[in-house]
Amino acid sequence: MAELVVEGLRKRFDGVLAVDGVSFTVHEGEMVTLLGPSGCGKSTTLNCIAGLEFPDEGVIRFGDRLLTDARRRIFLLPEARNVGMVFQSYALWPHMTVFENLAFGLRMRRIPQAEIRRRIEWILSLLQLEGFENRYPHQLSGGQQQRVALARALVYEPSILLLDEPLSNLDAKLREQARFWLRELQQRLRITAIYVTHDQAEALALSDRVVVMNRGRIMAMGTPRQIYEFPPNAFVADFIGSCNFLRGRVEAVQEEQRLLVRLDSGALLEGSSTVQFTLGQPVVVAIRPQRIRLREQGRQGKNDLPGKVQSGLYLGAAFQYVVETPVGPLRVEAMEPVQGEVSLYLPPEWCIVLPATDVAEPEGGRPDVAP
Amino acid sequence: METAVIVQKAERAGAVDRVLQGAVAALTFLLVTVPLIPILFQSFLSAPLYEPVRTLTLSNYVRLLQNQEFRTVLLNTLLFATSTTALAVVIGVILAILLVRTDVPGRTYLAGLVTSPLFMSPLVIAFAWTVIFGPQGYLTQLFRSITGVNPWNLYSLGGMAVLGGVYYAPYTYLYASGSLALSDPAVEDAARIAGAGPLRTLWRVTLPLLRPALLYSGLLTFIAAAEVLSIPLVLGTPVGIELFSSFLYKLGIVGGTTEYGMIAAASVLMLLFLTLLIALQERLLGGGRRFVTVTGRVARARLLPLGRIRWVAAVWCWFYVLLAIILPLLGIAAQSFTAFLSPFMNPLEVTTLDHYRLIFEHSAYARSILNSFLIAFAGGAIGIFFMALITLVAFRSDFPLRRPLIYVALYPRAIPGIIVGIGFLWSFLLFPGLGALRNTILGLTLAFIMRYIPYGFGAVSPSVFRISEEMDRAARVVGASWITTVRRILLPLLREAIFAGYTLLFVTFLKEYASAVFLFARGSEVMGTTMIELWRQGDSGPVSALAVLQVVLTLLWLGIARRVLVGVSTKIRFQDFGGVT
């Protein structure tokens with residue numbers, strides 16, 4: 001079937017590698033998100049797929065159509081790719097009405113006038129925009145403009161839908177609603193879609209699969225749950241949600257996927273891993289603030305740590321505390337307010353052991369507070 | 001199979017785009033370089049370039065550099081340009097601060113009047129000044145009759161510099177006021193809160209922040225002053241003071257063909273000098289900012305209260321505007337309607353329409369008005385369309401040579417008007433195919449367009465930057481080629497800027513004279529050249545009449561343009577859209 005294949009994409013801007021060897025596949029009808037901090041190369045990758053940017057290296061194929069092959073200098077122009085694209089600013093043409101904006105792509109395809117009318121009616125009703133045909137873009141609200149932009153990208157039934165941060169100009173409440181109907185629409189139309197965003201919540205909610213990028217490279221690829229629950233490296237763990245990191249060395253390998261880590265502070269911690277480690281190997285243990293449990297004081301079992309609350313933030317849905325412990329300060333989320341001396345329990349199944357080579361502090365947008 | 005077909009189709013579409021982009025770039029390149037080739041060529045030739053017998057030589061340069069007169073001309077030009085620049089910058093910055101940052105009464109009227117010289121030919125202003133301040137000028141005579149001494153001498157290097165300072169002050173005024181309008185008022189507030197009084201704030205905070213604007217407009221003024229023809233022609237020639245352009249004019253018009261080599265060598269040296277200055281200007285501004293002309297946020301709410309000084313400032317401003325602009329214009333208008341203008345005669349007794357009658361009855365004079373109007377109206381339209389395309393190829397295409405195109409398009413800033421004229425004339429003589437353009441208004445139009453490509457470029461490009469690139473990307477993605485995108489998306493979105501640019505070109509072409517003095521012939525006269533002809537014959541009455549007609553035509557056009565522009569902008573609210581994010 002027609003899947004989009006991106007292979008070995010490289011793009012340099014003034015000597016700086018914006019995209020550095022990116023490869024992934026998007027299956028038919030699938031929604032894949034490119035997620036990463038600004039400057040990670042996600043938009044450049046999207047533009048390469050759209051034909052707006054030409055990569056220095058790499059191949060892009062859709063089904064049996066070759067869109068880009070840098071080595072053979074084959075670059076299909078954007079107008080010949082039959083993709084639909086929604087831009088961050090919507091880029092609705094201000095001198096055209098909604099109808100003219102939608103008709104533009106259809107006219108480029110030499111579709112007869114009657115069919116143009118029929119298709120525009122169809123797409124407008126699909127997006128609940130009936131009656132807006134003769135409005136100019138500036139006469140629409142932000143949410144309506146956003147839907148017109150989507151309608152313009154879908155009306156000529158493109159093979160792929162590309163979305164470049166399409167919700168980032170909406171206010172928070174509207175953005176949450178838009179997430180739902182965008183996902184629903186994509187599943188109803190079964191259209192192959194690539195979605196670029198720096199908002200991890202959006203990525204987790206919307207996509208079949210997430211591709212996490214940083215500094216032009218892919219850091220992780222998988223379903224939202226895989227990425228969130230078993231991040232393959234510290235960058236992903238920290239970028240998606242937030243994480244506490246503890247350095248140490250492998251002390252003992254227990255049963256499958258369980259191992260004991262001797263932290264630099266001397267404490268012993270049991271953690272889980274999906275990869276093989278050797279004894280003594282330097283590692284980093286990642287644990288999310290939400291996974292740390294607060295317990296009554298004085299417990300001293302496995303993975304228990306004594307601590308003292310240093311400061312707290314009220315987040316509405318929960319409280320976030322910084323707790324000073326023998327292994328260093330830890331961020332902890334709790335449903336109930338606490339203070340003073342506490343005992344923390346770090347469940348072994350949520351202590352993800354990662355190779356220490358990844359410990360290099362995550363660059364770029366590092367969220368300090370969990371969502 | 002399908003793949004191959006689509007690649008081919010796309011390549012063909014891309015090829016048409018490339019052809020248009022290439023044509024625009026090639027035309028720009030030819031327009032700018034073709035007139036320069038014969039000048040460079042001629043500067044190394046022993047005889048005029050159309051003579052069959054000629055040899056390559058360096059003697060032109062040697063002769064030029066040994067020429068005592070040329071050395072004086074260079075010194076005069078340098079002196080004139082430097083003092084003009086100093087005066088223009090001081091006048092411009094004082095006016096800008098007073099009119100933009102303080103509560104001087106009548107600021108809005110004053111702002112309009114202060115910039116009005118920009119719309120008028122320096123030729124008209126120079127004639128107007130002679131009417132009032134010349135040796136036989138109205139005020140000069142009045143002053144002399146009262147005090148018995150000559151109060152000033154306009155026909156001197158100093159007099160020329162004062163006129164230059166007034167004429168070019170609007171450059172500094174515009175750049176400085178634009179910079180003031182854009183700067184954050186909080187920096188001044190911070191100085192006040194830190195304990196600085198209003199004057200100290202102006203001196204220590206406001207003025208230093210204006211430095212880039214002053215440096216840039218100062219260089220602009222220096223270049224313009226170094227190449228100006230009208231001021232030395234009208235004020236200098238009668239007393240034998242020559243500047244660069246009037247020197248070339250004398251060599252070319254009076255000296256004739258024998259001096260071709262000297263003219264060419266002098267032109268090449270001047271071009272080198274101005275190219276250096278332009279490069280310096282680029283260096284100062286750097287990056288894309290050099291294309292951004294004066295754009296400003298809407299007026300700021302809070303102004304610096306001057307207290308009682310504001311009346312002093314207002315009197316000073318009005319005095320300046322009255323003396324430098326209003327009085328000379330009234331003078332030239334009065335002269336055009338009187339047989340003889342003198343403070344010792346009641347002008348109502350000598351009222352006449354003879355000067356206007358002379359202009360309209362003499363076919364060559366009347367034709368010059370028609371020619372000027374035609375070139376401004378049609379040439380301006382073709383010009384702005386072409387310049388808008390250059391801007392789009394330069395900033396909104398993937399044409400491989402788009403960066404060099406910018407440099408070529410902006411290079412005419414370094415070419416004095418008189419050299420543009422000489423270059424076109426000689427290329428019509430040198431290149432066989434171009435002979436037909438000689439002495440035609442088409443030839444003049446080409447020269448005017450070439451000279452003012454930077455104007456159109458500067459008028460359109462800020463608006464191009466203001467349209468988000470996602471606008472054209474959206475069109476490409478839904479299936480439009482580059483040409484279709486330009487035609488259906490970019491040009492419609494730019495129409496306000498293009499119309500504003502058209503207005504600018506119309507006014508500029510209407511008043512242009514320097515590049516025409518070598519190019520016109522019987523049948524292709526323009527208003528500026530006719531004015532110079534009449535002035536050389538000593539007919540100051542008809543010169544005034546023609547000057548008045550030119551100013552009236554300009555004002556009419558600006559009035560119409562303002563109406564149309566308002567109409568255009570109310571249809572679409574562009575500001576809501578396409579902001580660069």
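Me: In this predicted model, what is the order of the strands in the open sheet of six strands in chain A?
Reply: The model is predicted, and the sheet in question is an open one with mixed pairing between its six strands. Its edge strands, each of which pairs on one side only, are β7 (83–86) and β11 (217–222) of chain A. Neighbouring strands are turned against each other by 15° on average, direction ignored. Read across the sheet in chain A, the order is β7-β8-β9-β3-β10-β11.

Me: Which residue is the bridge partner of A:L34 in β10(A)?
Reply: Strand β3 of chain A covers residues 31–35, and strand β10 of chain A covers residues 209–214. These two strands pair in the parallel sense, over four bridges. For A:L34, the bridge partner in β10(A) is A:V211.

Me: At about what angle to β7(A) does helix α4 of chain A run?
Reply: Helix α4 of chain A, made of residues 142–154, lies across two strands, namely β7 and β8 (160–164) of chain A. One of these, β7, is also an edge strand of the sheet. Relative to β7(A), helix α4 of chain A runs at about 170°.

Me: Is A:R152 buried or exposed?
Reply: A:R152 has its place in helix α4 of chain A. Leaving aside residues up to four places away in sequence, A:R152 touches A:N101, A:L102, A:G105 and B:V478. A residue counts as buried if 20 or more other C-beta atoms lie within 10 Å of its own. Because 29 other C-beta atoms lie within 10 Å, A:R152 is buried.

Me: How far apart in space are A:R152 and A:E100, C-alpha to C-alpha?
Reply: In sequence, A:R152 and A:E100 are 52 residues apart. Their separation in space, taken C-alpha to C-alpha, is 9.7 Å.

Me: What distance separates the centres of domain 1 and domain 2 of chain B?
Reply: The domain assignment of chain B gives domain 1 as 1–33 + 353–576, and domain 2 as 71–351. Between them, 32 residues of domain 1 are in contact with 28 residues of domain 2. Taken over C-alpha atoms, the centres of these two domains of chain B are separated by 26 Å.

Me: Which element gives the most to the side of domain 1 of chain B that touches domain 2 of chain B?
Reply: The residues on that side of domain 1 of chain B divide into 19 nonpolar, ten polar and three charged. The elements that give two or more residues to this side include α16 (354–361), α19 (417–430) and α26 (540–571) of chain B. With eleven residues, the element that gives the most is α26(B).

Conventions
Residues are numbered from 1 along each chain as its sequence is written. Chains are lettered from A and ligands numbered from 1 in the order in which they are written. This is a predicted model: local features need pLDDT of at least 70, side-chain atom pairs count only at pLDDT 80 or more; totals for chains, interfaces and linings use all residues. Two strands pair if DSSP finds at least two bridges between them. Axes are lines fitted to C-alpha atoms, for helices over the stretch in contact, and angles run from 0 to 180 degrees between N-to-C directions. Two residues are in contact if their C-beta atoms, placed from the backbone, lie within 7 Å. A residue is buried if 20 or more other C-beta atoms lie within 10 Å of its own, exposed if 12 or fewer, and partly exposed in between; C-beta atoms are placed from the backbone. Domain bounds come from an automatic or database domain assignment. Ala, Val, Leu, Ile, Met, Phe, Trp, Tyr, Cys and Pro count as nonpolar, Asp, Glu, Lys and Arg as charged, and the others, Gly among them, as polar.
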